[in-house]
Amino acid sequence: MKKFIFILFLFVSTYANDGYISIKKAFVLEKPNLFAKKVAELDYGEKVTLLEKKGAYYKIKFGHIQGWLHKSSFTSNKIVILGKTKKQASASEITAATKGFNEIVEKNYKLEHKELRFDLLDIGEKLAKIDNFIETGIVFRKNGKLCEFKKVGQK
Amino acid sequence: MRNYIFIMLLFFLFTCISTDKLKKIAENDNLKKTVNVVKKSYDAVRDFTPEEEYYIGRSAAAYIITKYGLYTDKQVTQYVNMVGTSLVLESPRPYLYNGYYFLVLNDEKNINAYATPGGHIFITKALLKLCDNEDELAAVLAHEIAHICNKDAINSISKTKKIEAIKSIVDFTMEKVTKDKEKFAKLTNIFNDISGIVTKAILNGYSRKQEDKADKLGIRIVNNAGYSPLAFVNIIKKLPNNLKGHYKAHRNKKDRIRIINSELKKLSDVNKDILDFRKKRFKKNIKL
């Protein structure tokens, strides 16, 4: 019986390490640090293996890629995207993947709420995207002594 | 002992193994049926996915923009986004499904700010005008980022309503969009309901407890990013007493400042001074 429990534990532990990317584009980083070098980009719903946890960062493996993700871009809840994983996923997986509030539901919702200015929202979402985000961001933070450039108790 | 093992087995299966794995394990029809039942129960208690939160947030954002209008000045919007992004990087949730959007509402009367679960953070022109420098703007944005980190808008949905929504999602597949219009209409109605609940919570404000938590987390985000959390007190002092909407849900200024000051004492290193460079940068970019 003890052997059975031990095998069960090993079995469960093995399967407990899978997770999914929970954001549209996730950066896999070389080190567990937000400003570390980016080694890869993974898409929403990609299945990854969790190798290690360190503070707010998870070390993951995806194919031959290994690196660190912030925990806010990882979920242990299953996510499957129709289209992207269509070839690999079973019919039932595809069925599960296509459920939920998404672009198609929003489209139908818009038809019923023609008064809502989704067009302005789309303009806003585009306006909010910073030109040359990475380079501009670094200069902005450096000049303002923020984030990775801050000094404790700075003047 | 057997009962104990059985419960342990069920617990592990339910919490640790993805339903995807369960399906692969299932070899015979009976087991498959059981797995499907477990999967349906699991789906019925699951949270909204990040994608669902984004679309719920978008519907609330569309309502807010329709009501107050969008200020479309590129320089101002990009600057507010630079400040916001610097804060987000030091928050517990630097990554959202589709990122954060910091937008200015074309409302010169109401002093207010809002955040949706989709990552849209709004500040009215009136509140932006009240800010004298970048650190005060950072304080306003950090409070809203904290609401997103704490999932306050999503948590305003009652358990019953959430279960109803998830059940509707589970019962429906997009593949049947053209075939099953009745169910699709039901799903859209549920989306409509959820959107209404979330929008109402965002516009009317949250509980005192949630607002206090957002202040406390906001201070930490501001300080971690290198801004001065003392700007939090400065901007609160400037708020009028007769606020409407979301900001009305906060405590009175005196109590709010008292809570903030006691939180500041818990921080080991507080950035006390507001950098001159940031003051000048604010003046240069914010011309309303």
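Tyr227(B) touches residues of both chains in this predicted model. In chain A its partners are Phe140(A) and Leu146(A). In chain B they are Val83(B), Leu87(B), Glu134(B), Asp135(B), Ala138(B), Val222(B), Asn271(B) and Arg278(B). Neighbours within four places in sequence are left aside. Contact here means heavy atoms within 4.5 Å.

Tyr227(B) also belongs to the largest nonpolar core, which has 75 residues. A nonpolar core is a set of buried Ala, Val, Leu, Ile, Met, Phe, Trp, Tyr and Cys residues joined through side-chain atoms within 4.5 Å. Buried means under 20% relative accessible area, exposed over 50%, and partly exposed in between, with a 1.4 Å probe and protein chains only. Tyr227(B) is among the residues with the most contacts inside this core, as are Ile60(A), Val83(B), Leu87(B), Tyr100(B), Leu137(B) and Ile145(B). Helix 7 (residues 134-149) of chain B gives the most to this core, with ten residues. A second, separate core holds 46 residues, including Ala62(B), Tyr97(B), Leu187(B) and Ala201(B).

Next comes Thr85(B), in helix 5 (residues 74-88) of chain B. Helices (H or I, at least four residues) and strands (E, at least two) are DSSP runs, numbered from the N terminus. Thr85(B) has a relative accessible area of 17%, so this residue counts as buried. Beyond residues up to four places away in sequence, Thr85(B) touches Ile130(A), Phe133(A) and Phe102(B).

Now the sheet. Three strands of chain B form an open sheet in the order 1-3-2, with mixed pairing. Two strands pair if DSSP finds at least two bridges between them. Strand 1 (101-105) and strand 2 (113-115) of chain B are the edges, each pairing on one side only. Neighbouring strands are turned by 15° against each other on average, direction ignored. Strand 2 and strand 3 (residues 120-124) of chain B run antiparallel, joined by three bridges. Ala113(B) has Ile123(B), in strand 3 of chain B, as its bridge partner. Helix 4 (residues 118-128) of chain A packs on this sheet and touches strand 1 and strand 3 of chain B. The direction of this helix makes about 120° with that of strand 1 of chain B. Axes are lines fitted to C-alpha atoms, for helices over the stretch in contact, and angles run from 0 to 180 degrees between N-to-C directions.

Chain A has five helices and seven strands. Of its 155 residues, 43% are buried.

Residues are numbered from 1 along each chain as its sequence is written, and chains are lettered from A and ligands numbered from 1 in the order in which they are written. Local features need pLDDT of at least 70 and side-chain atom pairs 80 or more, while totals for chains, interfaces and linings use all residues; side-chain values use heavy atoms, leaving out hydrogens and water.
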